Each structure stands twice: as C-alpha cells, then as structure tokens.
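Please prepare a short briefing on the fold and the charged pairs of the model below.

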Amino acid sequence: MNHSDNSDHPQLPTIKIRHPSSPHHPSSAATPTPTAGARRKIGVAVDLSDESAFAVRWAVQNYLRPGDAVIVLHVSPTSVLYGADWGPLPHTPQSAETPESQKQIEDEFDAFTASKVADLARPLKESGVPFKIHIVKDHDMRERLCLEVERLGLSAVIMGSRGFGAEKRGSDGKLGSVSDYCVHHCVCPVVVVRYPDDKDGGSGEPVVTIKEAEVEEEASKADA
C-alpha cells in the first residue's frame, strides 16, 4: 500500500542533493555521466551569488577548452538559517515549531538551492559544454569543498571570491574566505575570479588569481 506512494512534487527539480556519504556513490546508473571521458574535469564552485554567476560565465569565455567537462559544485548548509550568510534565500520563518514544519522548510530550501544552481549553470548549457551539477550538504563549506574537489578528481577549480565572502574578516582580523581556504588546501590549481568594484579603478576587468596546488609546489622544491 505504501509501495505506490509515487506522488509527484513538481516544485522540486530533479537535481539530487547528496548528504555526506560513502565515496562509492553509483547513483544515476541509468543515465550516462556527462563528464565521462572528458580530457579535463573542471570544477566551478558556486554559492548563490551574482559573483558565482560571473565566475561561470568567465570560465566559459576564458578558461574552458574543447574536450573539457564541468562539474558545478555547491555545498549547501545543513542549517537553512546558517545559509543566510552566503546567498539570497527564500523567506522562511525564523523558527520551526515541529519536526514536520522544519522538514518542510528544509525541503523548500533544497528546492530553491537546486533551482538557483541550475540557473547558474545555464551559460554552460547554452555553450554546449558538457556538465553536471553536484550538490552536497555539510556544516563546513570550506573543508567540504576541498574534500569534494579531491574526491571528484578535478583538474582545477574556479570560484568567484566576493561571492564566497572574501571581504569578511574574523575577530582575529584574518581573512576567513572560502576562496582563501581553498587556495591553501585544495589538491588542484584554484582559479579565483573577482569581479572588480568601482573602487578598483573602473577598468571593468575582473581580477583573476591562479594558484597552483601547493602539493605540486612542494614536490618541485624537493626536486630542485
């Protein structure tokens, strides 16, 4: 009787949000992976900001080569309220009085997130670049991004800096940005694209920083 509980939820996109799980994740076996056979797998790490949208467009116009495939990587917060610090969220009540209402809020947030990430990936679709969307949940966005970059075997990862809070400083005065963390901890080269503010001189050109993986740097030092 419960087997035929096939009620449709048209408001939920088909993108699956993955919780932390085993590295062996053979889901979507019926559908060929769009990134299979790619010469390079390039990650574009996005939050839900305009700066992330710009980073996707920049990657299409300036970085991707024939034979590349893209993984649009997003780490969704485990708490809906926690996510309010790094992206425009749908209006939701401040607190949930029951587990059912909390579940509804989380489901609505997941659907909103999946829809926004799909919107961010539109330039890839329009340009004919093979891509897939990879969404995971974790309370630590910075660490999880680096773990997923390694697990997915990415050749490089691109991100927009302002969109990941590059201008936010902690109580110790140090930059606590996601992009800064990834530059120092990702196992592959990190390309940070910062769209210029008016105060940057008004050139209209983005500031692009490419940081090679520190593992490679240490190896080259050892060879020297």
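**Salt bridges and overall make-up**

Asp-119 and Arg-122 form a salt bridge, with the closest N and O atoms 2.8 Å apart; the term stands for a side-chain nitrogen of Lys or Arg within 4 Å of a carboxyl oxygen of Asp or Glu. Asp-119 is partly exposed, its relative accessible area being 38%, and Arg-122 is partly exposed as well, at 44% relative accessibility. Buried is used for under 20% relative accessible area, exposed for over 50%, and partly exposed for what lies in between, with a 1.4 Å probe and protein chains only.

The model is a predicted one, in which local features need pLDDT of at least 70 and side-chain atom pairs count only at pLDDT 80 or more, while totals for chains, interfaces and linings use all residues. Residues are numbered from 1 along each chain as its sequence is written, and side-chain values use heavy atoms, with hydrogens and water left out.

**Other charged pairs**

- Seven salt bridges are found in a search of the whole structure.
- Asp-138, Arg-144, Glu-148 and Arg-151 belong to one network, joined by salt bridges that share partners.
- Asp-68 pairs with Arg-40 in a salt bridge whose closest N and O atoms are 2.6 Å apart.
- Because Asp-68 lies in strand β3 (residues 68–76) and Arg-40 in strand β2 (residues 40–45), this pair ties together parts that are 28 residues apart in sequence.
- Asp-68 and Arg-40 are both buried.
- Lys-137 forms a salt bridge with Asp-110, and their closest N and O atoms are 3.0 Å apart.
- Lys-137 is in strand β4 (residues 131–137) and Asp-110 in helix α2 (residues 99–120), so the pair ties together parts that are 27 residues apart in sequence.
- Both Lys-137 and Asp-110 are buried.
- As background, side chains of opposite charge can pair when their charged atoms come close.

**Secondary structure**

- The protein chain has six helices and seven strands, taken as DSSP runs numbered from the N terminus (helices: H or I, at least four residues; strands: E, at least two).
- Read from the N terminus, the order of elements in the protein chain is β-β-α-β-α-α-β-α-β-α-β-β-α.

**Burial, contacts and surface**

- The protein chain has 224 residues, of which 38% count as buried.
- Of the contacts (heavy atoms within 4.5 Å) in the protein chain with a separation of 6 or more, 72% are between residues 24 or more positions apart.
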